[in-house]
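User: I'd like to learn how to read a structure like this one. Can you walk me through it?

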Amino acid sequence: MATQATVATEPDTGAAAVPPRRGRRHRDLWVALAFVAPALLAAVVLRVWPMVRAVTDSLHSTPLGFGPTEWVGLEQYRALLGDPAFLNSLVVTAVFGVVINPLQVLLALALALLLNARLPATGLMRTLIFLPVAVPQSVSAVIWAIAYRPDGPLNGTLALFGLDGLRYLTSPGQALPSLMVIVSWIGVGYWMMFLIAGLKEIDPTLYEAAQIDGAGRWRQLVSITIPQLRRQLIFVLVADTISNLLVFAPVQILTNGGPNGRTDLIMNNIFERAYVAADTGSAAAATVILVVVALAIVVVQFRLLGTGEED
Amino acid sequence: MDTSDARPLRPAGRRTPGRRPARALTVLAALLLTAACQSGGSAEQPPQVSGDEPVTLTFVNAQDPGTFDEVIAGFTEANPNITITLETLPFDDLNSSVQSRLGAKDASIDLYDVDEPRLASFAARGYLADLSDLRAEAEGKIDPKALDATSYQGKQYAMPRWTSTQLLYYNTELLEDAGVEAPSSDPSQPMTWQEVAAAGEQAQQAGAKYGFTFEQVDRYYQLQPLPESLGGGPGLEGEGLLTPAVTNPAWVEAMSWYKSTFDSGLSPRGITAEQTTPLFSDGETAFFAGGPWNAPLFDEAGVDYGVAPFPMFEGGRAVSSTGSWATGVSPFSEKQEAAKAFIRYMTTDATGAWQASSRNLPVQQEAFSRYLSENASDTRSEQLAAIIEHELANNAVARPTTVGFVDFETVMNKAFADIRNGSEPAERLQQAAEELDRALAKYPRE
């Protein structure tokens with residue numbers, strides 16, 4: 001922010017001192033604007049407009065979800081926050097986030113450290129771990145649906161060891177953890193790639209110096225790797241948190257939010273409001289709440305971890 | 001747009017007959033204008049599709065591949081200028097997909113399949129064009145019950161194609177191995193659900209993987225007969241059928257039985273409705289509750305099976321699901337006349353209705369007679385035809401026709417799924433009733 005302000009003020013003083021240049025500056029401004037225009041337009045059409053639309057939609061309602069709407073104002077939000085199904089989906093989303101985000105970041109970090117070490121066939125391993133990212137989420141969900149069937153391969157494997165089968169998606173207790181496995185299977189490889197890139201950037205002389213000083217592996221990890229990797233870790237944590245707030249396809253395909261609403265993540269709840277119950281107003285209100293929650297989480301995460309500006 | 005705009009272009013085309021690009025442009029412009037005018041108002045146009053302009057219709061449905069091959073071939077032979085493109089979605093996605101696209105006034109859907117009980121809610125939302133002119137032609141040709149099921153507030157909003165009923169299939173070999181007597185095929189002698197469970201368990205002890213399964217687990221269509229058989233009603237009551245009634249003892253008892261079949265392992269958990277048919281056609285399951293459409297699949301699979309009437313609860317009455325698919329026209333389609341012509345052929349025309357029946361029961365009366373006679377080729381198909389006729393005439397109970405059906409079905413299907421997965425029926429039904437109260441509150445009561 002501070003740097004931007006100084007850049008902006010400098011040419012101003014220059015222009016005041018040398019008035020004849022004003023014409024060129026104007027032309028430059030137009031050229032610059034022309035370059036920025038497509039991005040600005042895209043931002044307005046793809047970001048600002050939908051957001052404004054969501055807010056206005058959330059203040060209107062129509063009994064049938066079609067045709068003229070009427071102003072209901074904040075009543076929409078009151079009704080939404082009084083709906084146990086919506087509150088349940090907020091709780092489920094929170095539990096999901098609290099467990100899955102640290103888990104995925106730690107797993108991604110562990111894998112990145114492992115694959116950054118000089119081990120044989122790391123390239124192949126990296127590709128295999130990354131591969132699920134390239135598979136569409138819906139396809140992953142279908143694959144896991146088969147794996148999780150009561151008579152499927154996972155229970156078959158358990159039976160080989162004489163163990164009782166698990167219920168996975170059909171059990172209120174196991175369904176959310178089962179979804180976490182799927183989402184992590186997809187996501188961890190992706191986040192790992194950012195961390196590997198970060199690890200490659202760390203100056204090897206730091207480790208050499210630490211070794212000379214007699215630092216062990218753990219000490220090196222805590223004192224060099226983690227601090228040096230902080231920016232990548234912040235990015236991964238923030239981006240991962242947002243992407244986990246928006247998990248939808250596996251829920252819609254595998255559980256529809258059940259059993260007993262235990263996997264009703266907020267995106268599924270919003271989808272059902274909009275496209276099953278045709279209640280655009282409450283879907284828009286839920287979307288606005290989701291955006292507010294996401295913003296709040298991101299702000300807190302940036303605060304907690306520092307923005308990295310002092311680097 | 002006005003058609004007169006197109007006129008100046010025609011002489012130009014005539015003056016330069018050799019110039020293809022010019023002519024092509026003229027044709028293109030004329031086409032675009034006709035299309036635009038069709039969307040504007042079709043009052044001046046005759047009911048049949050006139051002209052030779054090529055028209056492509058998009059027909060969104062949730063049927064198995066190949067279902068419409070015959071009827072499309074039959075129709076396009078007579079109307080070579082019309083091409084019909086099928087867009088087939090999974091059943092569970094059909095309604096939400098249609099709803100989201102029509103909600104956005106998307107013109108890319110011309111006609112689509114409507115599940116009959118959803119018609120009222122689609123019509124009330126303005127997602128279906130008025131087809132009342134087709135009704136007049138259909139009177140006397142199509143089963144009046146089906147025509148009523150597809151009209152809402154005195155207007156015809158879709159044309160019924162099929163009807164349905166339910167049967168109990170059994171695997172002859174598995175029952176023999178278990179020493180269980182095969183159920184009677186007499187339409188008036190259905191087994192009780194309790195007997196089905198007991199016989200299924202016996203078959204499991206003798207080696208069957210599963211004793212029994214519903215084809216459409218967790219779906220209201222096939223489960224409605226359970227509480228209805230005990231006198232529990234359809235689950236909705238009162239004005240406009242907008243008040244939930246799913247917590248009475250009959251509902252609780254019916255759902256407790258449903259739950260028990262999964263608790264005991266008689267039926268499998270974690271298998272969706274799309275995956276149940278192979279459980280029977282692979283010869284793994286002793287009893288299978290399904291529709292007439294399953295029979296040809298079982299024939300193909302070569303499983304040794306018999307048919308019996310749909311079971312009922314002991315002390316209750318015999319009830320069978322009914323209703324099926326109808327086809328409606330999108331009000332945002334720019335080719336409504338062509339779409340209507342196809343629907344007319346597929347539903348009202350005896351040949352078209354027969355071609356469109358696939359493995360289902362046509363509601364077009366001539367086609368239905370043909371279905372019964374053609375299918376009665378051996379003893380088993382004769383039994384099947386007799387059961388179908390009996391069930392349709394005596395036991396068929398339609399799903400409630402109400403604007404709130406989509407909400408109702410969504411809430412209930414989730415409740416069924418939860419009960420199947422082990423939720424306590426009384427508690428879960430109470431929760432469903434509360435959810436329904438909230439979901440249905442938005443509909444105006446007159």
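User: How many Å apart do the C-alpha centres of domain 1 of chain A and domain 2 of chain A lie?

Analyst: Keep in mind that this is a predicted model. The C-alpha centres of those two domains of chain A are 37 Å apart. Domain 1 of chain A covers 2-58, and domain 2 of chain A covers 84-305. Their contact draws 4 residues from domain 1 of chain A and 6 residues from domain 2 of chain A. On the domain 1 side, that makes 2 nonpolar, 1 polar and 1 charged residues.

User: Okay, on to chain B. What does its secondary structure come to?

Analyst: Chain B has 20 helices and 17 strands. Out of its 446 residues, 50% count as buried. Now take contacts with a separation of 6 or more: in chain B, 77% of them join residues 24 or more positions apart.

User: And how do I read a sheet? In which order do the 5 strands of the open sheet in chain B come?

Analyst: Here's the general idea: strands in a sheet pair through backbone hydrogen bonds, either parallel or antiparallel. In chain B, the order is β2-β1-β3-β15-β6, with mixed pairing. The edge strands are β2 (82-88) and β6 (159-160) of chain B, each pairing on one side only.

User: In which sense do β1 and β2 of chain B pair, parallel or antiparallel?

Analyst: Parallel: β1 of chain B (residues 55-61) pairs with β2(B) that way over 7 bridges. To see one bridge up close, find B:Thr56, whose bridge partner in β2(B) is B:Thr83.

Key:
Residues are numbered from 1 along each chain as its sequence is written. Chains are lettered from A and ligands numbered from 1 in the order in which they are written. This is a predicted model: local features need pLDDT of at least 70, side-chain atom pairs count only at pLDDT 80 or more; totals for chains, interfaces and linings use all residues. Two strands pair if DSSP finds at least two bridges between them. Helices (H or I, at least four residues) and strands (E, at least two) are DSSP runs, numbered from the N terminus. A residue is buried if 20 or more other C-beta atoms lie within 10 Å of its own, exposed if 12 or fewer, and partly exposed in between; C-beta atoms are placed from the backbone. Two residues are in contact if their C-beta atoms, placed from the backbone, lie within 7 Å. Domain bounds come from an automatic or database domain assignment. Ala, Val, Leu, Ile, Met, Phe, Trp, Tyr, Cys and Pro count as nonpolar, Asp, Glu, Lys and Arg as charged, and the others, Gly among them, as polar.
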